[in-house]
Amino acid sequence: MTKRHGYALLAAVIAMIVAISGAIYVGVAADDGTGGTRNATADNRAPRDSAAPASAGTWVGTWSASPAGAEPGTETNGMAGRSLRNVVHTDVGGTEARITLSNLYGQQPLNITHASIAVAAAENDASAVADTMRRLTFSGSTAVVVPAGQQIMSDAVRVRVPRDSDVLVTTYSPTPSGPVTYHAHARQISYAAQGDRTEDVTATAYTEQTPHWRYLTALDVLSDESVGTVVALGDSITDGITSTQGANRRWTDVLADRLRAAAGTGDVPRYSVVNQGISGNQVLAEGLGRPADNPSGLNRLQRDVLGRTNVKAVVIDLGVNDILRNQGEVDPVTVTDGLREMVRRAHARGLRVVGATLMPFGGHRGYSRSRDAVRRAVNAEIRAGKVYDAVVDFDEALRDPYDPRRLRSDYDSGDHLHPSDKGYKRMAEVFELGDLKGAAPAEL
């Protein structure tokens with residue numbers, strides 16, 4: 001069997017596996033923007049702040065992060081007896097909010113007895129604006145049990161969430177419930193405190209710091225600023241792994257700023273942007289375990305794109321890890337066929353798909369001439385309009401004009417693969433915002 005035929009057979013087998021993989025993530029269901037599934041059980045205690053929401057607007061995602069694996073060291077006790085205060089940064093604002101919690105990688109039920117949301121008093125701060133503190137409920141109850149492998153969406157709560165601001169989402173679990181489902185590379189410090197300090201507006205008790213987001217995977221708002229959500233699906237470059245911590249300088253953050261500033265002018269849609277990047281992510285291959293750590297782009301498309309709130313468009317920037325992380329030389333057809341399958345599934349939901357060319361990695365430890373040839377072959381198909389509805393050419397925008405195998409030095413973080421803050425900014429600047437509008441599939 002030739003190498004090309006071997007990869008083609010591998011791709012076919014993986015495609016068959018992925019076709020049934022959606023069943024693994026039991027709790028995920030598509031959200032039409034009007035509500036969400038409640039895949040867990042709750043107690044009967046009467047909630048505080050239980051007045052029925054009365055605002056008007058459109059439900060959109062204002063922040064999200066992909067569950068990427070089980071946090072090391074949490075296998076037995078999870079985070080029992082601790083309040084976990086996740087700090088997240090909003091894109092658009094709204095008058096109501098709701099969250100999604102995930103126990104995807106848990107091996108025991110996750111018993112949340114208390115959860116809250118509040119606007120942070122300042123950026124990168126665990127203290128809250130006192131009059132924004134709200135207790136969250138789940139199907140009308142203040143406590144919820146999330147079974148292993150499932151997720152839960154909270155009820156909507158009335159709170160004014162500002163655009164471009166930090167929000168605090170805090171959960172408390174009194175019992176062991178490991179391992180913890182987390183997103184490792186948050187580029188944002190979050191906090192933990194001993195005991196139930198869920199509605200503590202001060203930061204005094206929150207002495208533990210973490211670079212991870214735990215359990216929390218989405219924050220939606222009822223917005224009068226946005227009519228839909230754009231999902232960025234990618235790897236560490238989308239995850240913003242080399243961007244400045246706590247500064248929100250991922251390319252998706254800058255793209256969100258551009259969309260807000262230009263919303264409603266010309267062909268620019270009024271969309272929010274949420275980030276579903278996972279460092280090391282590939283189109284086809286994934287990590288070990290059931291469910292798999294770092295699931296492939298094909299595997300997680302349903303969960304991380306189609307299952308997000310009121311999605312109108314998706315931007316895909318995947319493929320470089322398929323080239324770099326495999327010992328043999330990957331056939332570019334294998335990569336592009338995987339990308340086309342993702343596009344086909346997105347089109348079946350009426351979504352617009354914008355795809356990125358793969359940026360150079362000359363000087364990186366994984367570089368070789370043959371791997372660069374695969375990258376250039378993938379890019380040729382993308383630029384020819386044979387993969388996506390529209391193309392954003394990150395490669396052309398960031399490569400060194402004197403050595404196209406490398407990133408331009410001021411756009412390079414120093415590892416010759418990931419951009420600097422300036423490089424991430426440049427990625428967002430070359431985006432044609434009007435390309436995100438519309439849902440007609442390309443003739444591929």
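The tour goes from a sheet to a helix and then to some charged side chains.

This is a predicted model, in which local features need pLDDT of at least 70 and side-chain atom pairs count only at pLDDT 80 or more, while totals for chains, interfaces and linings use all residues. Residues are numbered from 1 along each chain as its sequence is written, and side-chain values use heavy atoms, with hydrogens and water left out.

**Stop 1: the sheet.** Helices (H or I, at least four residues) and strands (E, at least two) are DSSP runs, numbered from the N terminus. Select the open sheet of five strands, whose order is 19-18-20-21-22 with parallel pairing; two strands pair if DSSP finds at least two bridges between them. Strand 19 (271–277) and strand 22 are at the edges with a single partner strand each, so one side of each has no neighbour in the sheet. Now pick strand 20 (residues 311–317) and strand 21, which pair in the parallel sense over four bridges. Val353 in strand 21 is the bridge partner of Val314. Contact here means heavy atoms within 4.5 Å.

**Stop 2: helix 7.** Select residues 369–383. At 1.5 Å a residue, the 15 residues of helix 7 should span 21 Å, and its end C-alpha atoms are 21 Å apart, which agrees; the expected span is 1.5 Å times one less than the number of residues. Which residues of helix 7 are buried? They are Arg371, Asp372, Val374, Arg375, Val378, Asn379 and Ile382. Buried means under 20% relative accessible area, exposed over 50%, and partly exposed in between (1.4 Å probe, protein chains only). The buried residues of helix 7 pack against several elements, including helix 6 (332–348) and strand 24 (403–407). Just after helix 7, look at Gly385, which takes a positive phi of about 80°.

**Stop 3: salt bridges.** A salt bridge is a side-chain nitrogen of Lys or Arg within 4 Å of a carboxyl oxygen of Asp or Glu. Asp372 is buried at 2% relative accessible area, whereas Arg376 is partly exposed at 47%. Both belong to a network of salt bridges that links Asp372, Arg375, Arg376, Arg383, Asp393, Asp395 and Arg399.

**Stop 4: Arg250.** Arg250 forms a salt bridge with Asp253, the closest N and O atoms being 2.8 Å apart. Finish at Lys425 in helix 9 (residues 421–429). Lys425 and Arg250 are 175 residues apart in sequence and 7.5 Å apart in space, C-alpha to C-alpha.
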